[in-house]
Amino acid sequence: MLKIDNLHAEIDGKTILNGLTLTIEAGEVHAIMGPNGAGKSTLAYVLGGRPGYEVTQGSVEFMGQNLLDLEPHERAAAGLFLGFQYPVEIPGVSNVQFLREALNSQRKARGEEPLAAGEFLKLAKEKSALLKLDPDMLKRHVNLGFSGGEKKRAEMVQMGILDPKFAVLDETDSGLDIDALRVVGEGINEIMRQPGKGVLLITHYQRLLEVVRPDKVSILSQGRIVKTGGPDLATELENEGYDAVMAA
Amino acid sequence: MTGTIELPTRRDETWRYSAVERLPGVPLDNWRTIDVASGDSFHDTLTIVDSDETSPTELHRWRVSIGEGARCEIFAVLASAEYARLEVEVTLARGAHFELGGITVGGRDTVREIVTRTIHAEPNGTSNQTVRSVHWGHGTGNFLGNIDVVRDAQKTDARQDFKGLLLEKGASVNAVPQLEIFADDVKCEHGASIGQMDENARFYMAARGLSPEMARRLLVQAFLGDALVSLHDEEKRERLMRIALDKVDKYL
């Protein structure tokens, strides 16, 4: 579903991804763990197409398309969702307006009919309930004044509404308390644990992986994948640390 | 006033950033007088839009007198003419309120400006002015706001808030707030800031599937919204917003 081959990327001339190769099949949840500065967020941004992140070598194929040829909004319409580590506040734009425009832009790009206001609100309320987010927050401006935990839950509500084929979730668990972590983890399962969908889950901690059980775990270090294993690899990392596991 | 009116030059404080070269031949002494009687409420909007009736130079000079306890609300969108200027000189009596929401948008080498002189002549008056400017190309947007509080006008509460958004290199906005306060028990606030589009917000919106054009429209709409917040007539508010947004969309 997502095939990353020998990916090199740099920011301001500094190489961050250095020959990263990774394939994720449909139906697979693949966790990426790694020490600070390994390039985890860079990988997420490169997949999302953030300006300033320059791919110098390698390729990314997403559902048969060359992902790197697409503009960020075209990647979204193709079914890619990027969950932000730090969701952005947009004063003056309500969640409802933002998400409805976003969903209908995606539908239009795919040649589908736009969703009417009533249907959209129903969908938005349903997904808010799934993530236990007060539906009144949808009327508020995008992420403005939300707590860290609310921002992350709001990200997952967005994911639920947009219903992507593939999600790249960048430290969606950071800033969450234990209860919120469970809610978010179960939300990910509900929305993305489906045949034909895939998830790249970037995380620092084992805790989220107890709720969202990954099929595979890879370690990213110095811009490349250095080890891939089953879910046990995450436990091993938690117990022994990156240095010990990578040296083994 | 009799005799010849001298043409303003850029040396005149309130014409510093104006397209003064467009003034010859334009009747300068053509002031519209608005008298709001005590206790009354006056409301008007000015929109300068692309149409056959719009002249290359649109000069609108309004002299407003707001009576005791009366209220005057003016909302304006300056979105057309090579040079458009709304000038409001307003005098507030005891307990009067003046509300101004202004928007300038424009590209090429157009100049669009709002110039106010607010005179709090008696106690307990309140005024609130919010102006937003979005420019691109070599367009210029100006807000010059003078607030005078005379010695007797205690308990005056005057606010002025300006923000400029530059969509392209080459565009400019100028903000000149001026306060002259001779009373000692007053509140006067003013703020001015100028910035560009938030790139983080643009990428965030793109990552959710919004095209660059749609993301820009939403961000510009959010930016301009402040100027129309106190316009309670929803239909009018939407019409004014649409005029401004359509202008931005049309030229970018």
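Select helix 3 (residues 95-109) and helix 5 (residues 148-162) of chain A, in this predicted model. Their axes come within 10 Å and cross at roughly 35°. Axes are lines fitted to C-alpha atoms over the stretch in contact, with angles from 0 to 180 degrees between N-to-C directions. Helices are DSSP runs (H or I, at least four residues), as are strands (E, at least two), numbered from the N terminus.

Show side chains next. A:Leu99, A:Ala102, A:Leu103 and A:Gln106 of helix 3 meet A:Gln158, A:Ile161 and A:Leu162 of helix 5. Contact means C-beta atoms, placed from the backbone, within 7 Å. This contact divides into five nonpolar, two polar and no charged residues. Ala, Val, Leu, Ile, Met, Phe, Trp, Tyr, Cys and Pro count as nonpolar; Asp, Glu, Lys and Arg as charged; the others, Gly among them, as polar.

Move to A:Leu47. Beyond neighbours within four places in sequence, A:Leu47 contacts A:Val60, A:Leu67, A:Leu80, A:Leu82 and A:Val168.

Now select the interface. 15 residues of chain B are in contact with 21 residues of chain A. Helix 1 (199-207) and helix 2 of chain B each supply at least two residues of the chain B side. The largest share, six residues, comes from helix 1 of chain B. The chain B side holds ten nonpolar, four polar and one charged residue.

The average is 94, and 100% of the residues score at least 70.

Residues are numbered from 1 along each chain as its sequence is written, and chains are lettered from A in the order written. In this predicted model, local features need pLDDT of at least 70, side-chain atom pairs count only at pLDDT 80 or more, and totals for chains, interfaces and linings use all residues.

Notes
Two residues are in contact if their C-beta atoms, placed from the backbone, lie within 7 Å. pLDDT is the predictor's confidence in each residue, from 0 to 100.
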